[in-house]
Amino acid sequence: MSLATTPNQFTDQLGYLIASLTSSYTVNIASANTWTIMGNGLTEISTYNTDVYRDKMMLSIAGIWKIDVSFTVNGATNDDLQFCLKYGDSAYQHPVIWNAKGGNNWNINYSMIIKTEIQNETIYFYMKNETATNNPVFFNGIFSAIKLTYNIFGG
């Protein structure tokens, strides 16, 4: 590779985000087996080339990102629940699925590597209750995004 085609090593392509759920909140499930946006609750802890809004994360640089989510949920007794993310024009990404046996506290972990083609890609988080319309309650969660590599196709 010639020096003329080598990417500029001084271009800042770092990006990361850490956000938390600082208080519990209920996701109001509109109807059974329908994806519902999680709503608000995210609070920024630390960000660089990213931003946090109460119901979404924005990734300011195109590239490959690792998204990690860990939270506690209860309620929706004995219902089958799903959690996933969606960004841009993509479909709902593959969900994590669990049964809320007894309405106990359940710790849910979700990890996904995504490739964004544009700057300022917005990540939304969704819930689905397959079996009923009981509302789950979320609390004590960490949401993070780490930029793994520069997207040579999108800037």
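Colleague: Over the ring of which residue does the charged end of K86 sit?
Modeller: The model is predicted, and the side-chain geometry is read from it. The charged end of K86 lies 5.7 Å from the centre of the ring in question, within the 6 Å limit for a charge over a ring. The ring belongs to Y92.

Colleague: Where is Y92, and is Y92 buried, partly exposed or exposed?
Modeller: Y92 belongs to the loop between β8 (80-87) and β9 (96-99).

Colleague: How are the rings of W35 and Y92 arranged: stacked, tilted or edge-to-face?
Modeller: The ring centres of W35 and Y92 are 5.2 Å apart. Their planes meet at 20°, and planes under 30 degrees apart count as stacked. The pair is therefore stacked.

Colleague: How many residues apart in sequence are the parts that the pair of W35 and Y92 ties together?
Modeller: W35 lies in the loop between β2 (25-26) and β3 (36-37). Y92 lies in the loop between β8 (80-87) and β9 (96-99). The pair therefore ties together parts whose separation in sequence is 57 residues.

Colleague: Is W35 buried or exposed?
Modeller: The relative accessibility of W35 is 18%. Buried means under 20%, so W35 counts as buried.

Colleague: How are the rings of F71 and F138 arranged: stacked, tilted or edge-to-face?
Modeller: The centres of the F71 and F138 rings lie 4.9 Å apart, with the planes at 55°. Stacked needs under 30 degrees and edge-to-face over 60. The pair of F71 and F138 is therefore tilted.

Colleague: Which strands hold F71 and F138?
Modeller: The pair links distant parts of the chain, 67 residues apart. F71 has a relative accessibility of 0% and counts as buried; F138 is likewise buried, at 0%. F71 is in strand β7 (residues 63-75) and F138 in strand β12 (residues 136-150).

Colleague: Which residues form one aromatic cluster?
Modeller: The structure holds 9 aromatic pairs. F71 and F138, a tilted pair, both belong to the cluster. Its members are Y25, F71, F83, Y110, F125, F138 and F143.

Colleague: With which residue does K56 form a salt bridge?
Modeller: The charged end of K56 also sits over the ring of Y53, 5.4 Å from its centre. The closest N and O atoms of the salt bridge are 3.8 Å apart, and the limit is 4 Å. The partner is D55.

Colleague: How far apart are the closest N and O atoms of K66 and D68?
Modeller: Side chains of opposite charge can pair when their charged atoms come close. K66 is partly exposed at 26% relative accessibility, and D68 is partly exposed at 23%. The two form a salt bridge, with the closest N and O atoms at 2.7 Å.

Colleague: How many salt bridges does the count come to?
Modeller: Among them is the bridge of E117 and K115, at 3.7 Å from N to O. E117 is partly exposed at 42%, as is K115 at 34%. The count of salt bridges comes to 3.

Colleague: What is the area of the nonpolar surface patch that includes I113?
Modeller: I113 is found in strand β10 (residues 106-116) and is exposed, with a relative accessible area of 54%. L14, Y16, Y48, I146 and L148 make the patch together with I113. The patch area is about 540 Å².

Colleague: Which residues does N99 touch, not counting residues up to four places away in sequence?
Modeller: N99 is in strand β9 and is partly exposed at 22% relative accessibility. Its C-alpha is 9.8 Å from that of T131, which is 32 residues away in sequence. The residues that N99 touches are N78, D79, D80 and W106.

Colleague: What is the phi of N140?
Modeller: N140 lies in strand β12 and is exposed, with a relative accessible area of 57%. N140 is not a glycine, yet its phi is positive, at about 50°.

Colleague: What is the phi of N120, and where does N120 lie?
Modeller: N120 is partly exposed at 41% relative accessibility. N120 is not a glycine, but its phi is positive, at about 60°. N120 lies in the loop between β10 and β11 (121-129).

Terms used
Residues are numbered from 1 along each chain as its sequence is written. This is a predicted model: local features need pLDDT of at least 70, side-chain atom pairs count only at pLDDT 80 or more; totals for chains, interfaces and linings use all residues. Side-chain values use heavy atoms; hydrogens and water are left out. Rings of Phe, Tyr and Trp (its six-membered ring) pair if their centres lie within 6.5 Å; planes under 30 degrees apart count as stacked, over 60 as edge-to-face and the rest as tilted. Helices (H or I, at least four residues) and strands (E, at least two) are DSSP runs, numbered from the N terminus. Buried means under 20% relative accessible area, exposed over 50%, partly exposed in between (1.4 Å probe, protein chains only). A charge sits over a ring if NZ of Lys or CZ of Arg is within 6 Å of the ring centre and within 35 degrees of the ring normal. Patches are made of residues with over 30% relative accessible area and no salt bridge: like charges are joined within 9 Å, nonpolar side chains (Val, Leu, Ile, Met, Phe, Trp, Tyr) within 5 Å. Accessible areas come from the Shrake-Rupley method with a 1.4 Å probe; for residues, only the protein chains shown count as cover. A salt bridge is a side-chain nitrogen of Lys or Arg within 4 Å of a carboxyl oxygen of Asp or Glu. Contact means heavy atoms within 4.5 Å.
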